[in-house]
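Please look at the sequence and the structure shown below, and keep both in view while you read.

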Amino acid sequence: MAKKKRDTVKVLLADQPREGVLVQGWVRTRRDSKGGFSFIEVNDGSCLKNIQIIAEHKLDSFKYWNKPLTTGSCVSVHGNLVASEGKGQSVEVQAVSIEVHGSADPETYPLQKKFHSLEYLREISHLRPRTNTIGAVMRVRNRLAYSVHRFFNDRGFLYLNTPIITTSDCEGAGEMFQVTTLDMTNPPKNDGKIDYSEDFFGKQTSLTVSGQLEAEIYAMALSLVYTFGPTFRAENSNTSRHLAEFWMIEPEMAFYDLDDNMDLAQEFLQFLFNDVLEHCTGDLEFFNQRIDKHLLETLNQVVSHDFERLPYSEAIHLLEKTSQKFEYSVEWGCNLQAEHERYLAEKVFKKPVIIYNYPETIKPFYMKLNEDGETVRAMDVLLPKLGEIIGGSQREDDYDTLMKRIKQKELDPEEYGWYLDLRKYGSAPHSGFGLGFERLVQFTTGVENIRDVIPFPRTPKHAGF
RNA sequence: UCCGGAGUGGCUCAAUGGUAGAGCAGUCGGCUGUUAACCGACGGGUUACAAGUUCGAAUCUUGUCUCCGGAGCCA
């Protein structure tokens, strides 16, 4: 007999009564009735909801006396989908046979049928996907990833894989993880320094902090490209918005100026939120109920209004004249602090804000210098509550200006020979931005700590699995 | 890394110098087309760790570790 195909809970719950269904999943809870049957709630991850199994104790193949059918057990249930006699669900499965694949000892199984804090779940991160919250987060995360690819492919962008092991340092700053096969207890040395010519690649290598510079190479040939991959920062950041390993999306577009870049950023974010609102309704309603009471309101607000666009100078002016007290004072030339960004997005405009044309002194060398010689065509997209989600710019496409900026920032032009070549031969105006995928998931789900929106979070002193 | 807060049964929390408790979970029993089921009983803690103050410390002091919130860095 051919293997019976599994019916997902998601499909069954929307289905009409019919015979011969197979449910396979994990038991969330079981309620016994002395009327001679049990109610078993099974979840298979296909959706937030469980399906209710009615299991009569007289069933010959009701094997739960062989292995205890407890919360956390994994089961296969053959049966019939029937209209439910109880309230709370329209259909349920009348079991014909139940097989317990793996039981779970209720005395030690860490997930009880009760509320658990996300902090506690982090301690049992191999079991937390079996909870409503983490399951819902991962479904939304998946949908967002799918939409990212769809958005760009629909618009003629090519998905580009930039190197994970790299020898280039995107900004001449930012701590990087070193990649080496040298014996750390006894590395080869030359003049007292570690001799990397004997290392695997014959030179010092690191994990990438950004694929942007490499993406520019391909944008200068294929016009529209995007990366979507893991990124690594060895910063000792201990916050609810930072990870040492995170996923970043970086589109890079030839012939886009800063305005085009901002247009794309807004269209991109609104597309993603709209798509999730449409396709992850159940999960979002759950978040709206349990995590953030204003989540749906916020998302709907963001997709239905244009983002505010504010030059840096005007932002400074606005912050200077407000009566709002800040911990950090504001003056032209300084970096905007988190409190300033939040004030603008939450208090002044009450929607996403794009700040652009930052002072060149506080931005990296590759951003295009404006005619004023003081500002660069940079832009940051700030979301209410979350803060910065996107950072981007029009890139400097003039060879001489770029060379000047590299020297100004005390970087070595030789290291950037290939990057300068892109301006030397067939240079084109181009722009791009980077979006932190986990921050996107945070904003979409309302989950406050970034460690709860990635399956295996890596933070300082933490790398399980 | 800096600032602040917190570590008490499996989980969420009480007890603020004087006998460590509750709810949930678990076990047992009862009841029930139940649905975060309900009712009753029972078991379960070297109060993160180390040192100190005190007649007496979960409580006060110091150090260490861990977690949470905020800041910086950024995405």
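Helices (H or I, at least four residues) and strands (E, at least two) are DSSP runs, numbered from the N terminus. Counted in this way, the secondary structure of chain A comes to 12 helices and 18 strands. The model is a predicted one, in which local features need pLDDT of at least 70 and side-chain atom pairs count only at pLDDT 80 or more, while totals for chains, interfaces and linings use all residues. Residues are numbered from 1 along each chain as its sequence is written, chains are lettered from A and ligands numbered from 1 in the order in which they are written, and side-chain values use heavy atoms, with hydrogens and water left out.

Consider the chain as a whole before its details. The C-alpha atoms of chain A fill a box of roughly 85 × 60 × 45 Å when this is taken along the principal axes. Chain A has 465 residues, of which 51% count as buried; here buried means under 20% relative accessible area, exposed means over 50%, and partly exposed lies in between (1.4 Å probe, protein chains only). If a contact is taken to mean heavy atoms within 4.5 Å, then 66% of the contacts in chain A with a separation of 6 or more are between residues 24 or more positions apart.

The chain is divided into domain 1 (9-102) and domain 2 (130-174 + 209-452), with bounds that come from an automatic or database domain assignment. The centres of domain 1 and domain 2, taken over C-alpha atoms, are separated by 46 Å. The contact between them takes 7 residues from domain 1 and 8 residues from domain 2.

Next come the charged side chains. A salt bridge is a side-chain nitrogen of Lys or Arg within 4 Å of a carboxyl oxygen of Asp or Glu, and the structure holds 23 salt bridges. One of these joins D15 and R18, whose closest N and O atoms are 2.7 Å apart; D15 is partly exposed because its relative accessibility is 24%, and R18 is partly exposed as well, at 29%.

Another salt bridge is formed by D452 and R128, with 3.3 Å between the closest N and O atoms. D452 lies in the segment after α12 (437-445) and R128 in the loop between α2 and α3 (132-154), so this pair ties together parts that are 324 residues apart in sequence. D452 counts as buried because its relative accessibility is 1%, and R128 is likewise buried at 1%.

The side chains of D292 and K385 also meet in a salt bridge, at 3.9 Å from N to O. This pair links distant parts of the chain, since D292 is in the loop between α6 (281-290) and α7 (295-304) and K385 is in the loop between β16 (375-383) and β17, 93 residues apart. Elsewhere, E216, E252, R395 and R423 are linked in a network of salt bridges.

N43 lies in strand β2, and N43 is buried because its relative accessible area is 7%. The side chains of N43 and N50 are joined by a polar contact of 3.0 Å, a polar contact being a pair of N or O atoms within 3.5 Å; within protein, one must be able to donate a hydrogen and the other to accept it, and residues adjacent in sequence count only if both atoms are side-chain atoms. Leaving aside neighbours within four places in sequence, N43 is in contact with G25, W26, R28, L48, K49 and N50.

Finally, turn to RNA strand B, where a residue is near the strand if one of its heavy atoms lies within 4 Å of it. In this sense 53 residues surround RNA strand B, and the closest are K87, R122, H242, R439 and H462.

Which parts of RNA strand B do the side chains approach? A polar side-chain atom of Q52 lies 2.8 Å from a base oxygen, while a polar side-chain atom of N449 lies 3.3 Å from a phosphate oxygen.
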